[in-house]
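Student: I would like to go through this structure with you. Could we begin once it is on the screen?
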Amino acid sequence: MPMPYLFSVVAIMSLLLGTARAKTPDDPSIGLRPIEFTEYDLENGLHVILHENHEAPVIASYVLYHVGSKNEQADRTGFAHFFEHLMFEGSENIPRGGIDKLVSSAGGNLNASTSFDQTDYYINLPSNQLKLALWIESERMMHGKVEKTGVETQREVVKEERRRNYDNRPYGTLFENLAAMVFKGTPYAWTPIGSLEYIDQASIEEFREFYKKNYVPNNATLSIAGDFKTDELKKLIADYFGPIPKGDPILRPEFSLPPQTTPETRTVEKENTPLPATLHAWHAARKADPDRYPLDLLTNIMAVGNSSRLYRRLVDQEQVALGVAAFPYLLEEGGVVGVLATGNQGVAIEKLDRLIEEEIEKVRKEGVTEEEFQKALNQQSSDAASSYGTMGSRARELAAFHVFFGDAHLINTDLARYLAVKREDLQRVANKYFAPDGLNTLHYPVAAKAEQPEPAAADNPTK
Amino acid sequence: MKSYLTLTLLVLIAIAPVVRADLDRSKKPEAGPAPQASFPAYKEYTLENGLKVFIVESDRQPTVTLRLLVRSGSAFDGSKPGLDDLMTSLLDRGTKDRSATEFARQLDFVGASLNAGVNSDATSVSTTGLTKFGEQILDLFSDAVLRPTFPADELAKEKVKALSELAADKKEPSALGARLRKALLFGAHPYGASASEESVKSIGPADVAAFHRAYFLPNNATLAVVGDVKAEEVLARVKAAFRDWKPGELPKSDWPAFPKQSGATVYLIDRPGSVQSNILVAQLGVPRDNPMVPELNVLSSALGGGSSGRLFQNLREQHGWTYGAYASFGFQKTGGIFSSGAEVRNPVTDLAIAEILKEVNRIRSEPIPENELALQRDYSVGNYLLSLESPERTAERVQEIDLYNLPKDFYRTYARRLSSVTSAQALELAKKYLSTSDVAIIVVGDASQIKSKLEKFGKVHVYDTDLKPMPDAVAK
């Protein structure tokens, strides 16, 4: 119940992970109401998804650009995220600093985030201000402006963001170190916040080139949910976004995680690590792989709730951990599945490791019980039922399902895919992914000695 | 040839976007008439034992949320700070009918979880789950809040975790700053207290049981039910579940006054290795039932409420010193805090403090220009309207009105109040409630890098991360 500390570790994880778990509805037995929407392409390639809903006088605008840190070069890490900051500077028709002011004075709020595979921008407004969102987002796509003052200021802001969320915070570099180990040799090896040194090196010409290449309608999805009339909005979208020229065809990095044949351990000693923490991680499936369904259910059984296996063993019975978490984090070109335990004071990290290993071994050997399986399905149903309460969440998930699964209808049908999983599938994926040879272990011991803050960073930084 | 051309043209017309010539991209589009920010409907009942029940019906999702708000919080911990926290962490760790293990098994099985929140003024316990499991969820929820048994072994486990959390908080800059801030501003008043190793170790099963018995009373609580429910049906179930809960008399409390802040003093918590300084410029604020809360919210929004606030614009957008800079009132039942802050890189710590003080001073000496104030009013009203989308938030607000004895129509009139704040009003409030001379300047950071630059703001007191004063010689 009140677990301020554990929750802060979990909050860090969720910050790093962004929207890791695509959750969804549509099972008549729990009474989900289908989310209706219209989708189409403009001639310039912009994909549009519209969910009309008049329950509250609000609209949520969401634009997803299919470009993230995996599109970066290894000597320009942090570029996509830095660029996201620049996209708040202004445009040919909106003066520097104007975007924030326009949205604030319209009674709305806005933000953006960058992760490995995507960069997204959202604006929430009272519904009478719908056109403002269209204007701002179309200006951002058509007339983005990158100038010296903005670059210099945002360079410093991004460095402070990095210090705040990663370097000055206990376990702040956890995901960064994880990515460097698990995704070694691929563009996922660095995280979206990137490295301070590269942020200084990027030139204005590089930003302009990046904009021209990636911020084009044929690389974007515009998703709007809320209080509007679809027919009228379609006309407005044609007016605002129709004239934006189509960009060159998009070339996306395609790669696979190289197979891992030996386990690896890394230890990160930081002066301000308060409690021992260990993370066990393995390569996992790509985001669109059907294995994501049994993997989600399996990690529920391992660590969601006080009856979960790792909680029972490490927190309740052995009392060595303050908290545990398990997560699949599946990206477009490959994924990771991890188990994190934060130890109580004075607990040896090896003890945490041994208990995690035993529980992993056990589920590989024995699979899960029928009761556990039903519980995991109920947890997934409950998640699905509570995931789409706001127009903002609907706009976002519709776009994500379209871009990464090629099917926005999953917002209504994804839960059915969980419900179609067989109990044996959980043991199958446990054996497939939790292989001892593919184990990556990351230790954050409580270090006595001082250490320099390390370079580099993590996922889903918000503006 | 001609027909081919015509055909091409026809195809082009058919697929080309219809571009209206009158779209002027150089100007911001006109907004339609603003929608009303009308507070959603809810139903209110009082059970025979005094428990107030608020029901917000919303069928957007097939879920139901239950939230019990007890009008006593950690301010009632007495000589054992951390008591309320430990008590609530044990509510689902053994009840009259269920062991901790059995409770977890049943609650997890229906895909729900129990969450608790403790602050100085109140204790909340809540759960959300599928409507189809509504009966089981209500049964488990009422069992946890009404019939916990506080087994000694479960308490022992929670104490180990609580001690680890305390250790963790000593490395977390924001936790360190918040802890010192309340100790400084509230002094010996219970709002100033925080759990310590000693207090947590001193808590026994009898203490948690006594706290629960004393404060978890139907006449000291409200229950909100939100979601895909029919009020009459769910009310009958709630009545049955809470029927045996007996009202009682609340213990009397007698609390000391807050210390008087005079002069500006710097409190530096030395956290070696910090690559940023966490700055809080803090002073006493006002209680939640202050009649000017809507106007004060617009004022603090202008100073530091979001990305258009002065602190953000100055420290981030002009200077690039921080990822964000904000100011806000923290309203509590019998007092409050006003605090401005930012996390900045070490070398600009003093410059950032000076700019924060400058902005606070400016807002209390010059009227806010009308266009800026209009932006802040509209920002506040619009974001309030957006927040009404959440039925859970509506229920929390209704419970908040009860907790703080606010006028019944507080939220019905809130948007109107926000939208009518004048520049003169804002200035008067700023003069009355904001100070730059009597403030605690709290900095969490690496003393060896920043201490000498802080002396210009006032006497510098240095603390270690246990919040024990350090002799001057130690922190150079």
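Student: How do β7(A) and strand β11 of chain A pair?
Tutor: β7(A) pairs with β11 (residues 440-444) of chain A in the parallel sense, over four bridges; two strands pair if DSSP finds at least two bridges between them. Strands (E, at least two residues) and helices (H or I, at least four) are DSSP runs, numbered from the N terminus. The model is predicted: local features need pLDDT of at least 70, side-chain atom pairs count only at pLDDT 80 or more, and totals for chains, interfaces and linings use all residues. Residues are numbered from 1 along each chain as its sequence is written, with chains lettered from A and ligands numbered from 1 in the order in which they are written.

Student: Which residue is the bridge partner of Glu264(A) in β11(A)?
Tutor: That partner is Asn440(A).

Student: What is the strand order in the sheet?
Tutor: The order is β7-β11-β8-β10-β9 in chain A, an open sheet of five strands with mixed pairing. The edge strands, β7 (264-267) and β9 (321-330) of chain A, each pair on one side only.

Student: Which strands does helix α6 of chain A lie across?
Tutor: Helix α6 (residues 174-182) lies across β7, β8 (277-284), β10 (335-343) and β11 of chain A, and runs at about 150 degrees to β11(A). Axes are lines fitted to C-alpha atoms, for helices over the stretch in contact, and angles run from 0 to 180 degrees between N-to-C directions.

Student: Changing topic, how many residues of chain A are in contact with chain B?
Tutor: 73 residues of chain A are in contact with 85 of chain B, where contact requires C-beta atoms, placed from the backbone, within 7 Å.

Student: Which element gives the most to that side of chain A?
Tutor: α5(A) does, with eight residues.

Terms used
Two residues are in contact if their C-beta atoms, placed from the backbone, lie within 7 Å.
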